[in-house]
Amino acid sequence: MKVGHLIRAERIRQEMKQLVLAKGICTPSYLSKIERNLIFPSEDIVTLLFNRLGIDSSKLQKNNQQTEIDFEKMLEATYKEAVTNRDQSFTKQKLEYLEQHSPLFENRTLHYTYLLIVLRFRIISGGNLDEIKKGIKDLEELSKEFNLRQTYLYKVNKAIYNYSTENRNKSIEYFEDVLLLVDEILLEAWEKAELNYMIGLVYTADSRIFASIEYTRRALEYFRENFLMKRVLECYILIGITHKKSEQFQDAYDSYLKAMQICDEFNLHQEKGIVYHNLGSLSSIMGNNEEAISYYKQSMEYKTYEKNPIISILCLVIEYSKMNNKALVKVWCDEGISLFLKLKDKSLTSYYHHFNIFESLHSERGLSESITEEAIEYFKEVQDYRYVHKYYLALAEWYFSNRKYKLSSICYQEANKYENIFRKIKKWEDL
């Protein structure tokens with residue numbers, strides 16, 4: 001039987017050494033050949049290996065080509081629907097089904113595609129980040145056997161994972177690796193549109209304005225032609241954000257109004273939360289603090305814990321901090337920390353640090369050095385140098401106001417260094 005890929009994948013997942021798995025069944029060298037499908041072992045050996053790994057042998061489909069074809073069609077159709085519609089509850093249901101009912105195939109390519117799509121579903125549905133990280137690591141050992149499409153799927157998974165853990169630089173690196181593969185594989189139009197949208201998203205986060213708009217408009221064209229109005233709405237919001245970053249405020253406002261119009265025309269009322277949030281962000285950058293606060297509060301009326309309002313809460317904290325309203329900064333920081341602890345989502349760790357810093361800054365004792373230094377170390381680790389710069393600057397000003405001039409000077413130097421890294425400036429002459 002050709003089952004080496006199944007044995008190897010499960011052994012790697014369980015972090016079991018070949019020596020441990022082979023003990024009392026066969027030699028490690030024989031197991032190595034089995035795992036590489038160089039030899040086909042007897043049913044007795046397969047049964048013993050499966051039993052040790054806890055693999056359900058009843059799920060094995062032996063030379064059933066029609067079952068393979070049917071399963072592959074179902075897998076690809078499910079993948080398309082989950083990715084294009086971005087419905088988290090649908091993705092969770094399909095993930096549960098695939099994990100519970102997936103047959104095991106002697107077709108190695110089909111099995112690897114299954115593992116990659118299941119991993120993508122875990123990322124989409126907000127699965128445990130530690131488990132996702134381990135899944136990526138496990139697949140790394142199998143990746144030498146991937147075909148081009150599987151390599152594409154794997155790198156996209158790594159790019160999305162790094163974006164979700166706020167490691168923007170790594171995310172961009174993997175997406176740009178993906179772009180090098182696109183011409184070599186035949187992606188369907190929906191998959192190209194999704195890739196364009198994701199690249200637009202990470203480029204916006206990295207302030208690559210013109211590239212972001214280009215990729216987002218490509219995605220928008222497909223979503224509009226195929227009447228995927230929720231995705232059209234997302235594209236208008238993303239284009240609005242890029243316009244805001246380039247200080248084209250009227251263009252940003254117009255994009256958000258188009259998004260709001262889609263909410264009304266296509267009964268997408270729950271999506272109004274993200275539109276109001278971005279209107280708040282636009283008002284904030286234009287200096288209209290009270291208007292920004294009003295929009296953020298409207299945004300929160302449409303957000304449930306599934307679409308958590310933690311970013312709007314942080315924005316309220318920032319607005320009240322600008323107004324030096326210490327009491328309301330504390331109220332909303334406490335609300336944000338409480339929500340973070342309730343959600344237990346590691347991808348939101350940055351918010352925990354933001355809330356702690358703002359709450360300490362506006363407390364009677366003032367900015368906590370230990371809290372700020374802990375946050376700085378976290379943002380260094382995830383390579384989000386914008387916030388490394390921001391909080392070194394906050395610490396420098398705090399030290400200066402307390403006449404700790406030497407410490408203030410050191411922090412100002414660090415702030416300048418990380419600002420240059422963030423802005424990708426290598427020499428002062430380039431300023």
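Trainee: In which helix is Y405 found?

Mentor: Y405 belongs to helix α22, which covers residues 405-422. Helices here are DSSP runs of H or I with at least four residues, strands are runs of E with at least two, and both are numbered from the N terminus. Please keep in mind that this is a predicted model, where local features need pLDDT of at least 70, side-chain atom pairs count only at pLDDT 80 or more, and totals for chains, interfaces and linings use all residues. Residues are numbered from 1 along each chain as its sequence is written, and side-chain values use heavy atoms, leaving out hydrogens and water.

Trainee: Why is Y405 called partly exposed?

Mentor: Its relative accessibility is 47%. Buried means under 20% relative accessible area, exposed means over 50%, and partly exposed is in between, using a 1.4 Å probe and protein chains only. The value falls in the middle class, so Y405 counts as partly exposed.

Trainee: How do you know that E247 is buried or exposed?

Mentor: E247 has 60% relative accessibility, which is over the 50% limit, so E247 counts as exposed. E247 is placed in the loop between α13 (229-245) and α14 (249-265). Its phi is near 65 degrees, a positive value in a residue other than glycine.

Trainee: And what about N267, is it buried or exposed?

Mentor: With a relative accessible area of 58%, N267 is exposed too, again because the value is over 50%. N267 sits in the loop between α14 and α15 (272-285), and its phi, near 60 degrees, is also positive in a residue other than glycine.

Trainee: What makes Y112 and F146 an aromatic pair?

Mentor: Rings of Phe, Tyr and Trp (its six-membered ring) pair if their centres lie within 6.5 Å; planes under 30 degrees apart are stacked, over 60 edge-to-face, and the rest tilted. By this rule the count comes to 18 aromatic pairs. Y112 and F146 are 5.6 Å apart, centre to centre, with 65 degrees between the planes, so they pair edge-to-face. This pair links distant parts of the chain: Y112 is in helix α7 (residues 108-124), while F146 is in the loop between α8 (129-142) and α9 (148-164), 34 residues apart. Both Y112 and F146 are buried.

Trainee: Why is the pair of Y378 and F379 called edge-to-face?

Mentor: Their ring centres are 5.1 Å apart and their planes stand at 75 degrees, so the pair meets the limits and is edge-to-face. Y378 has a relative accessible area of 14%, so Y378 is buried. F379 is at 0%, so F379 counts as buried as well. Ring pairs link Y378, F379, Y387 and Y391 into a cluster.

Trainee: What makes the charged end of R218 sit over the ring of Y215?

Mentor: A charge sits over a ring if NZ of Lys or CZ of Arg is within 6 Å of the ring centre and within 35 degrees of the ring normal. The charged end of R218 is 4.7 Å from the centre of the Y215 ring, and R231 lies over the face of Y197 at 5.1 Å from the ring centre.

Trainee: To finish, how many helices and strands does the protein chain have?

Mentor: The secondary structure of the protein chain comes to 22 helices and two strands. Of its 431 residues, 50% count as buried. Its C-alpha atoms fill a box of roughly 75 × 55 × 45 Å along the principal axes.
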